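Please read the following briefing alongside the sequence and the coordinates. It begins with confidence and then turns to the fold, the core and a few individual residues.

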Amino acid sequence: MGKYDWSGYLAVAEMVRIAGLKLHVSLSFHASRQPKIPLPKWVTQIRESQSSIFFRDRSGQHYQECLSLSVDDLTVLNGKTPIQVYREFCENFKSAFSTFLGSTITGISMGLGPDGELRYPSHHKPAKNGRIAGVGEFQCYDMNMLNILKQHAEANGNPLWGLGGPHDAPTYDQSPNSNGFFKDHGGSWESPYGDFFLSWYSSQLISHGNRLLSLASSVFSDTAVNVYGKVPLMHMWYKTQAHPSELTAGFYNTASRNGYEAVAEMFARNSCKIILPGMDLSDEHQPQESLSSPELLLAQIRNACRKQGVEVSGQNLASGAPGSFEQIKKNMLGEHTIDLFTFQRMGAHFFSPEHFPSFTKFVRSLSQPELHSDDLPAKEEEATESVRASSDPNVHMQTA
């Protein structure tokens with residue numbers, strides 16, 4: 001492990017401070033495909049001799065863009081545990097940016113897993129040839145996950161249940177009914193074994209999230225920044241009984257069980273705010289055969305957060321999706337307002353003359369009933385500012 005070089009980031013923070021703007025920082029512990037950002041070289045070198053530090057699926061393929069949560073407290077990183085390394089990273093960041101924390105830097109998102117989200121990498125393989133995304137796969141087959149499962153099964157008096165994940169679960173791109181586990185009626189997910197496995201699988205994810213958010217909360221407790229964590233919107237197949245896309249991602253949420261209450265309680269316990277993507281998605285624009293409902297799932301998670309007193313921030317998932325601005329506005333200004341909204345994926349098309357005027361009109365509409373004369377393509381720089389999202393002074397929108 002080498003030294004941290006923050007020089008470029010410090011220069012950006014200083015420019016933002018001079019401009020009078022605010023920064024929301026993401027502390028990431030995962031690799032990225034777009035843009036291509038690999039894990040640190042010293043971590044990939046460890047991979048060559050210890051592939052079990054990564055998640056593995058049933059076929060033996062490893063997901064190598066973040067560490068498996070099963071190694072959180074194992075000394076697999078040159079004599080240190082991942083939790084120790086994450087803490088050192090956060091403490092070094094805090095020291096380097098101390099003059100900006102609470103003034104220029106007002107929020108910090110803690111990376112919790114793949115793409116920074118609290119989930120298993122159950123859907124990391126894209127759907128083939130434009131097909132509807134399948135149910136994904138359980139990621140519990142690396143050596144350390146299997147050891148934890150084995151111990152848990154033996155402690156519960158059913159050692160045979162600890163040999164692996166469900167044998168009758170579909171593969172990544174298959175539908176729920178292509179095998180026995182997720183079937184609406186008589187599926188194995190409803191059996192005693194199904195409940196045992198899904199309870200264990202989801203509890204491992206929540207415990208991982210708790211370790212990281214607890215770490216971040218303790219490191220930044222004496223600063224004036226808010227700590228956030230991101231929970232995905234696994235809305236595919238939501239209208240089925242089993243909710244398989246959520247189950248493989250680690251959320252034991254079905255038609256008869258609320259799996260997000262435990263997640264919200266974990267965020268509340270650590271005094272952290274939650275980021276929910278997909279506030280631009282509406283049910284009417286989802287493929288009918290996907291049995292998807294982003295609106296119902298979003299409402300369910302927000303209700304769980306409201307009961308636990310957890311503040312919610314929002315993000316969009318797509319860019320330029322049909323009716324996206326109207327849907328975002330509905331979610332921002334509804335009965336239960338959000339703390340902050342971050343508009344993502346602002347590429348070349350976003351700033352094009354065909355698209356940007358509609359965005360400025362949307363932003364103005366959040367606080368002004370009439371279109372302002374400044375809403376012209378020449379005023380593009382206004383979109384980089386943080387703006388009030390409603391008459392409520394505590395609700396803001398920002399761009400990323």
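**Confidence and overall picture**

Over residues 377-391 the pLDDT stays under 50, and for that stretch the model has 33 contacts beyond four places in sequence. This is a predicted model, and across the chain the pLDDT averages 89, with 89% of the residues scoring at least 70. The chain holds 10 helices and 10 strands, and of its 400 residues 50% count as buried.

- Among the contacts in the chain with a separation of 6 or more, 72% are accounted for by residues 24 or more positions apart.
- The chain exposes about 18600 Å², of which carbon and sulfur atoms supply 50%.

**The largest nonpolar core**

- The largest nonpolar core has 101 residues, and the members that touch the most others in it are F93, F197 and F267.
- Helix 5, which runs over residues 192-219, contributes the largest share of this core, namely 13 residues.
- Once its neighbours within four places in sequence are set aside, F197 is in contact with F138, C140, L149, G165 and P166.

**Helix 3 and its buried side**

- Helix 3 (residues 82-96) has 15 residues, which at 1.5 Å a residue should span 21 Å, and this agrees with the 21 Å that separates its end C-alpha atoms.
- The buried residues of helix 3 are P82, I83, V85, Y86, F89, C90 and F93; because they cover an arc of only 165° around the axis, they lie on the same side of helix 3.
- An α-helix has 3.6 residues a turn, so residues three or four places apart point the same way.
- The cover over the buried residues of helix 3 includes strand 1 (23-27), helix 2 (41-47), strand 3 (62-67), strand 4 (105-110) and helix 5.

- Most residues other than glycine have a negative phi, which is the background for the two residues described next.
- H243, although not a glycine, has a positive phi of about 55°; H243 lies in the loop between strand 5 (226-230) and helix 6 (244-249).
- With a relative accessibility of 4%, H243 counts as buried, because buried means under 20% relative accessible area.
- L291, also a residue other than glycine, has a positive phi near 50°, and L291 is found in the loop between strand 6 (273-276) and helix 8 (294-308).
- In contrast to the buried H243, L291 is partly exposed, with a relative accessible area of 34%.

- R131 lies in the loop between strand 4 and helix 4 (143-155), where R131 counts as partly exposed at 46% relative accessibility.
- Although R131 and D173 are 42 residues apart along the chain, their C-alpha atoms are separated by 8.3 Å.
- Q327 has its place in helix 9 (residues 324-332), and at 9% relative accessibility Q327 counts as buried.
- Not counting residues up to four places away in sequence, Q327 touches M279, D280, L281, S282 and E295.

Note on methods:
Residues are numbered from 1 along each chain as its sequence is written. This is a predicted model: local features need pLDDT of at least 70, side-chain atom pairs count only at pLDDT 80 or more; totals for chains, interfaces and linings use all residues. Side-chain values use heavy atoms; hydrogens and water are left out. A nonpolar core is a set of buried Ala, Val, Leu, Ile, Met, Phe, Trp, Tyr and Cys residues joined through side-chain atoms within 4.5 Å. Buried means under 20% relative accessible area, exposed over 50%, partly exposed in between (1.4 Å probe, protein chains only). Helices (H or I, at least four residues) and strands (E, at least two) are DSSP runs, numbered from the N terminus. Contact means heavy atoms within 4.5 Å. The expected span of a helix is 1.5 Å times one less than its number of residues. The arc is that of the directions from the helix axis to the C-beta atoms. pLDDT is the predictor's confidence in each residue, from 0 to 100. Accessible areas come from the Shrake-Rupley method with a 1.4 Å probe; for residues, only the protein chains shown count as cover.
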